[in-house]
Amino acid sequence: MTVTTRFAPSPTGYLHIGGARTALFCWLYARRHGGRFVLRIEDTDLERSTPEAINAILEGMSWLGLDYDEGPLYQTHRFDRYREVLERMLAEGTAYRCYCSKARLDAVRADQQARKVKPRYDGRCRDLTEPPADAEGAPVIRFRQPHEGHTVVDDHVKGKVVFDNAELDDLIIARGDGTPTYNFVVVVDDMDMNISHVIRGDDHLNNSARQSNILKALGVEPPVYAHVPMILDEAGKKLSKRTGAASVMEYRDAGYLPEAVINYLVRLGWAHGDQEVFTLDEMIEHFDVGDINHSASSLNPSKLDWLNQHYMKTLPPAHVARHLAWHLGALDIDPGRGDGPDIEAVVQAQAERSKTLVEMAENSRFFYRTPEGYDEKAARKHLKGAEDVLGALHDALAVVDPWTADAIHQAVTGVAEERELKMGKVAQPLRVAVAGGPVSPPIDITLELLGREATLARIEQARAWALTQAEHAP
């Protein structure tokens, strides 16, 4: 048997972080077993499904690197196939037409609730051979659910789950207008696409019995089910937009690398010993649905920050630079124009002091654009009264050759020794002068990246600012 998994989102919004984890688990399992991973778009909710939402799903999958072997396949393109299976089931007697009006069904439900009986269809049309006299409008089609015995779902996360067939009513599989319903089209798709393993959220667990029985009625062995517990927020509550539910692309926008998000997601509900950091190959090698946690997992933003910094420091600078360029672009900075340092060198200089790419981009802005002003507190502390030191630094740096970090370091150290100053009394005014604030990579690396021309121009500008402050001092 070829292992075939599927990710089947409904395109009614963005790719949610919980859906992304499901996609990842399906992808990993298929990759580990040399199988197929199918992307299926369940777009039969015509009122809520939108092209924008489909694009958001495809964009999120692409950014995460979750490639699919087949798809995207759209349910709206398969209506002829669904009608074919419906006709077959009607002919074989595993489905039947139900003519009950909404008013009658509401009355039956109200009576059952009054008697404290679980609401369910009472089977009035189950054995009819022709429409009843009071039939109104087009009938729906119901699945003839077996009412004897039990349905056992051998779930690879939950274990054996037993459903009493008497509790499963004859669900509608096609509406009066002929459109098929969710539980039916999912079954037909899984059957036609030879899905061997269905890995999905545990909110679908109750559907598994109904879907299994429809598959059995069609003469098909149900797939292996693995229902994954939900993701909770930091407080252990169900995710909402307010408490942390977010689209995958919001994680990109917040400055996280896809490798960090993938590593973060795989650990939300799965473990391999005490290992926290995984390469993609290690995830594929070790992932198994049987190791998925039985209980829900909670978001841990600090863990994601830690992972992101790890990947920014350890991935090839060229790879990180490609993602950093996007964030610099959001600041209206084009690192490829040639009016700033090589972006890979910036990554190497900033990786140790940045948790996110947004932070790295903000802290690297000064490399590509002269600061419009100085951090007020830093300028007051380090630039006021530093005009002589800045002048000496300008003169010393003007003759540095070659313009390398080592030669720059010697020049800055020489100014400090000549004036019998601690290094901080020289380096900090220089840092504020070139970066606009008190934080940057080591000053020698900072200046090497900035270049001689920009460095000297900014020192002159800072010295002029300091002289102006001295002239207006009381």
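**Stop 1: Thr-4**

Select Thr-4, which is buried at a relative accessible area of 1%; buried means under 20%, exposed over 50% and partly exposed in between, with a 1.4 Å probe and protein chains only. This is a predicted model, in which local features need pLDDT of at least 70 and side-chain atom pairs count only at pLDDT 80 or more, while totals for chains, interfaces and linings use all residues. Residues are numbered from 1 along each chain as its sequence is written, and side-chain values use heavy atoms, with hydrogens and water left out.

Thr-4 sits in strand S1 (residues 4-7). Helices (H or I, at least four residues) and strands (E, at least two) are DSSP runs, numbered from the N terminus. Show the side chains of Thr-4 and Arg-36: they make a polar contact at 3.0 Å. A polar contact is a pair of N or O atoms within 3.5 Å; within protein, one must be able to donate a hydrogen and the other to accept it, and residues adjacent in sequence count only if both atoms are side-chain atoms. Leaving out residues up to four places away in sequence, Thr-4 touches Arg-36, Val-38, Met-193, Asn-194, Ile-195, Ser-196 and His-197, where contact means heavy atoms within 4.5 Å.

**Stop 2**

Select residues 182-192, helix H5, where 9 of the 11 residues are buried. Among the buried ones are Phe-184, Asp-189 and Asp-190. The buried residues of H5 pack against S1, strand S2 (36-41), helix H3 (79-92), strand S8 (172-174), strand S9 (197-201) and helix H6 (205-217).

Move on to Asn-194, in the loop between H5 and S9. Is Asn-194 buried or exposed? Asn-194 is exposed, at 55% relative accessible area. Its phi is positive, about 55°, although Asn-194 is not a glycine.

**Stop 3: Ser-212**

In helix H6, select Ser-212, which counts as buried at 4% relative accessibility. Ser-212 touches Val-153, Pro-222 and Tyr-225, not counting residues up to four places away in sequence.

**Stop 4: backbone exceptions**

Most residues other than glycine have a negative phi, and most peptide bonds are trans. The peptide bond from Gly-71 to Pro-72 is cis, with omega near 0°, and Pro-72 is in strand S3 (residues 70-74). Another cis bond joins Asp-401 and Pro-402, with omega about 5°; Pro-402 is in the loop between helix H15 (387-398) and helix H16 (405-418). Lys-116 has a positive phi near 55° and lies in the loop between helix H4 (102-114) and strand S5 (140-143). Lys-116 is exposed, at 77%.

**Stop 5: Thr-314**

Select Thr-314 in helix H10 (residues 301-314), partly exposed at 49% relative accessibility. A polar atom of the Thr-314 side chain lies 2.7 Å from the backbone oxygen of His-310.

**Stop 6: the whole chain**

Zoom out. The protein chain has 19 helices and 12 strands. Its radius of gyration is 32 Å, well over the 23 Å of the globule rule for 474 residues, so the chain is more spread out than a compact globule. The radius is taken over C-alpha atoms, and the rule is 2.2 Å times the number of residues to the power 0.38. Along the principal axes, the C-alpha atoms fill a box of roughly 105 × 45 × 40 Å.
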